[in-house]
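Hi,

Here is the structure I said I would pass on.

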Amino acid sequence: MVETAAARAIRLIDLVPYLHNHPGISLKEVAEEFGVTVPEIVKDLDLLFMCGLPGYTPLELIDLSIHDGIVSLREPQNLDSPRRFSQTEALIIRVALAALEELLPDSKRVKVSELREKFTRLFTHQVPNEAIYFESDAERTKLRVISDSMVQGKKLFITYMNPTKSQVTERKISVTAVIPESNRTLIEAWCDLSSGVRTFNLANMKSVNLIDEDSVRATAMDEEANSKATLRSSDESRFIKENASQLEKHGNQILIDVFQDEWLVRSALAEGGDLVVESPDRIRSRVALLAEESLKNYSRNP
Amino acid sequence: MSSAKTERLVNLTMALLGTKRFMTKSEIFRRVAGYSGTSETKERMFERDKDDLRTLGIEIEVASHDPLFEDEVGYRIRAELFQLREKFDSEELGLVSLALGLIGGSELGETTHSLSRRINSLAVSPITPEEFRLSEIDITEEGLTELLKALSERRSVTFQYRKEGTSKDEDRRVNPLGLSAWRGGWYLVGEDLDRDDVRVFKLSRISSRIDASSPSNAYVIPEDFSAKDYLVMLKPGEYSVAVRVRRALALNLRNLAETVTQLDDDWDLLKVNFKNREQALREILWMGPDAVVEEPAELRLALVESLKKLVTSHG
């Protein structure tokens, strides 16, 4: 795509405050930040060097230099601050903040909520704060974060409500298994707070966040943990779309890490034949068994 | 594209930003670098440059320079409208960066990158809270970008909409009041101009391009408007199913159920309203032999069909 002169002018205008605030930055970093190549950035800087305020004497021009791949901007003239957010851009920031607020634990939400109101007040007060509302499919979001933690081998920070004691605790846990039961989903994990393996009900986890701490390796990994399953499915299936980030594709075959047999068994059932588990045999035959038993329910009572 | 034009656009922006009083066209031609040729050429150049800058979102103020000579209009760019002068502390900037990163992979990605660059250009350096590694969330939905723009500029929109349970497209004229991600879907809450009522529209049911070419600032959104108030009134489902489940099992189905009747020592009968047939099929298949559909007959057939497929493909 050919870049228009106007689009390039905006990049030049944005470059000045960026360089102004990053003294001694390398050409490579600037190019990365602006999504163009180093030669393109050099051309941009050469052009900026000739721009300035009416008069165009050295006193009025933008002044910069490049030495050994390092850029120094000495004089930004009147382009020292970044462009203001347009109303649409401010609204996008509000959507992003609303999404962030939804993902954070309660104790961290206040700050984000205040910031969201600040953006409303400063840039888009004609669109009231509550006109943008974000509420995710809570269970699904939590499950995704949990599976991310297992894939990346990182701990989770959870806010957990103990319904019998009706108290709320904050814990760091290392998940070892997700156990989908028919009436609830259980999370088995090593809990730092209790120094032992505990089972948590997903519904009672008020918030779930990934933290940058390696998870405690489970001492007794059973054979099913971390095995791979081979699947066959169309790209259109719901399961494939929802789990895309965890799949490895090899031609028609799709590989997925299995942390919990029953979860994959039930997922295959729910897809009603659009998702086929080819291996391992234990999962494949369990899907067939449950489907056969279900069919009996219908033949007995036509 | 010639770099001469890029250079001229930057110079024009800087000149209009640097002037306190309005600059007339003749002043611009005389003082801003890059305008040359016959007066007609210069005139055409300037008109195009002005349009280009406006398309890029740069507001150029136009005013009569001197009340006695109304034909001599002047131009300037107001710094407080062009540049970010508001103060943010490094923690606030860090949270904005984190939030933008969260939705950076979606269709808004290009805008969020430009926004992040500008956040990073503020004199204060953002401090991103290190403790959380958030998973990216996918907020992509067709029409979202257009509706965000229309809402922010308060433009009426028209589109074709396919109501749940129908196969016919209807024309809708709507004043957008709010947008919401709600339990896995995106919704527009807006004033339906033909029905004279506030309605909720699911974005995935909008079947045409969204036309937002009407003028901006066309209406005012009440200050106490809350999108949530309208979303919670959405009916959960239209697809009614009678399903037999084993006692003490299938809590997720029980939570959705309108009524629960005990049949015998082993089974309860639930009446459940699902969103649609696909959802019903999925939820019931998930339960395996612990849930049996009684009605409607077509769902029983679909279920038996799916189960046979499962047995064949996994046998």
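Before the notes, one term: I call a pair of N or O atoms within 3.5 Å a polar contact, where within protein one must be able to donate a hydrogen and the other to accept it, and residues adjacent in sequence count only if both atoms are side-chain atoms. Bear in mind that this is a predicted model.

A polar contact of that kind, at 2.7 Å, links the side chains of B:Glu153 and B:Arg155. B:Glu153 sits in helix α7 (residues 144-153) of chain B. Is B:Glu153 buried or exposed? With a relative accessible area of 18%, B:Glu153 counts as buried, because the cut-off for buried is under 20%. Leaving aside residues up to four places away in sequence, B:Glu153 touches B:Ser216, B:Asn217 and, from the other chain, A:Thr88.

Now the interface. Chain A puts 106 residues into the contact and chain B 111. About 9,700 Å² is buried between the two chains, with 65% of that from carbon and sulfur atoms. There are five salt bridges across the interface; one of them pairs the side chains of B:Lys309 and A:Asp274 (3.2 Å, N to O). I also get 32 residue pairs in polar contact between chain B and chain A, both residues at pLDDT 80 or more. On the chain B side, helix α1 (residues 3-18) gives the largest share, 12 residues. By class, that side has 59 nonpolar, 28 charged and 24 polar residues.

The strands cross over too: β4 (residues 132-135) of chain A runs parallel to β6 (residues 169-182) of chain B, joined by four bridges. There, A:Glu135 stands opposite B:Trp182.

Cheers

Conventions
Residues numbered from 1 in each chain as written. Chains lettered and ligands numbered in written order. Predicted model: local features only at pLDDT ≥ 70, side-chain atom pairs only at ≥ 80, totals over all residues. Heavy atoms only, no water. Contact = heavy atoms within 4.5 Å. Buried area = accessible area lost by both parts, 1.4 Å probe. Salt bridge = Lys/Arg side-chain N within 4 Å of Asp/Glu carboxyl O. Helix = DSSP H or I, 4+ residues; strand = E, 2+ residues; numbered from the N terminus. Nonpolar A, V, L, I, M, F, W, Y, C, P; charged D, E, K, R; others polar. Pairing = 2+ DSSP bridges. Buried < 20%, exposed > 50% of the residue type's maximum accessible area, 1.4 Å probe, protein only.
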